[in-house]
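Visitor: I would like to learn how to read a strand in a model. Where do we begin?

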Amino acid sequence: MEQRFEGRTALVTGAGGGIGAAVARRLAAEGAHVAITDISSEAAERAAADIRQSGGKASAHRLDVTSPDDIARVVAAVEAEAGLVTMAVTAAGIIKTYPFLDLPIEDWNRTLSVNLGGTYFVFQAVARRMVEENRGGSMVGIASVAGRGAQPQAVDYGASKAGVISVVRSAAVALAPHHITVNAVCPGIVDTNMTRAIHDDRARIAGISAEESLAKKLSTVPIGRLQTPDDVANVAAFLLSPDGNYVTGQSINACGGLEFD
Ligand SMILES: NC(=O)c1ccc[n+]([C@@H]2O[C@H](COP(=O)([O-])OP(=O)(O)OC[C@H]3O[C@@H](n4cnc5c(N)ncnc54)[C@H](O)[C@@H]3O)[C@@H](O)[C@H]2O)c1
C-alpha cells in the first residue's frame, strides 16, 4: 500500500466504532500514527490493539467529544506522544428513532452536542495547534446523506448532519489561508452497529422484522448492497491525502447513488 501519511499524526473520534475504526486502520496502513479516541475506552483499546497487531502505530484515548476540556486534554496528550496532529476525522455519532411529534428535548440536545458540537470543537482544537505551528493539515467530518433530505423519524440526527455540512464550509473558508483543508463524507447505509440499532427500532415501530426493515431501505440504493466501513474510509483517506489537496469545503456523497445533491 502507498504510504501517503508516513510521518503524520491523525486523531480520529468514535474510532472504537465501525466507520471510525475503518478510517483509523486505513490511515495507519498508509503510515500515520493514529490516536484512536472514543467515549468507550474498551472500544478504543480494542481498535488500537488491532492496528498495532498489524504492524501499525496507534494509541488509545478515552474522549467524550461533548467536552471541549476533554478534547483539549487529548489533543495535547497525543501531540506530546506522537507529534503535532495534522489530520483529524470526526466519526463519533449517535442516533435514536422517534416519531416527529415525540422527540424529547434531552435527546435533541444530546444528538446536537455529540454529532455537531463534537465535530466543531474537535476541528477547532486541532486547527488551533495547526495554525499556531503554521504546518497546515486536513480534516474530515463524517456527515451523512441524512443531512441532505428529510428525516421524519430522526429530526435531530438530520439537523446535526446538515449542521456538519455547514461547519465544514465555514471551517474550510476560515482555515484555507492556513493551508488546512476541511471536508466531509456523507455515507449512506453502512454495515455497522448504528445501522443495526436503527433497523431494530424502526422495525419495532413498523411491526416488521429488522431484516425486512433493512432490506426495504437497501432496495432504494442503486448500487444495491450495504456499504462497508472501508468504502467510507477510502473516501476519507483521499480527502486527507495530498491527492485531495485542492478539495475543500465539500461534503462528498459516498452512498451508492442514494442521494445526488
Ligand atoms: N452507519 C451508517 O449507516 C452511517 C451512515 C451515515 C453516517 N454515519 C455516521 O458515521 C459515524 C460513525 O458511525 P458508525 O456507523 O461507525 O456507528 P458506531 O455506533 O459503530 O460508532 C460510533 C462511535 O461513536 C462513539 N461515541 C458515541 N458518543 C460519543 C461521544 N460523546 N464521544 C466520543 N465518542 C462517542 C461510540 O462509542 C461508537 O464507538 C457517525 O457520526 C454516524 O452518524 C453512519
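Guide: With a cut-off. A residue is buried when its relative accessible area is under 20%. This is a predicted model. Strand β1 covers residues 9–13 and is mostly covered: five of its five residues are buried.

Visitor: Which way do the residues of β1 point?

Guide: First the general idea. In a regular strand, side chains alternate between the two faces of the sheet. Now the case here. T9, L11 and T13 point one way from β1, while A10 and V12 point the other way. All of them are buried.

Visitor: How many bridges join β1 to β2?

Guide: Two strands count as paired if at least two bridges link them. β1 and β2 (residues 33–38) have four, and they run parallel. V12 faces I36 of β2.

Visitor: What unit do β1, α1 and β2 make?

Guide: A right-handed β-α-β unit, with helix α1 spanning residues 18–29.

Visitor: Which residue of β4 is the bridge partner of A10?

Guide: M87. Five bridges join β1 to β4 (residues 85–90), and this pair runs parallel.

Visitor: Now the whole chain. How many helices and strands does the protein chain have?

Guide: Eight helices and seven strands. The radius of gyration is 18 Å, close to the 18 Å that the globule rule gives for 261 residues, so the chain is as compact as a globular protein of that length. Of its 261 residues, 50% count as buried.

Visitor: What share of the contacts with a separation of 6 or more comes from residues 24 or more positions apart?

Guide: In this protein chain, 73%.

Key:
Residues numbered from 1 in each chain as written. Predicted model: local features only at pLDDT ≥ 70, side-chain atom pairs only at ≥ 80, totals over all residues. Heavy atoms only, no water. Buried < 20%, exposed > 50% of the residue type's maximum accessible area, 1.4 Å probe, protein only. Helix = DSSP H or I, 4+ residues; strand = E, 2+ residues; numbered from the N terminus. Right-handed = clockwise from strand over helix to strand, strands pointing away. Rg over C-alpha atoms; globule rule 2.2 N^0.38 Å. Contact = heavy atoms within 4.5 Å.
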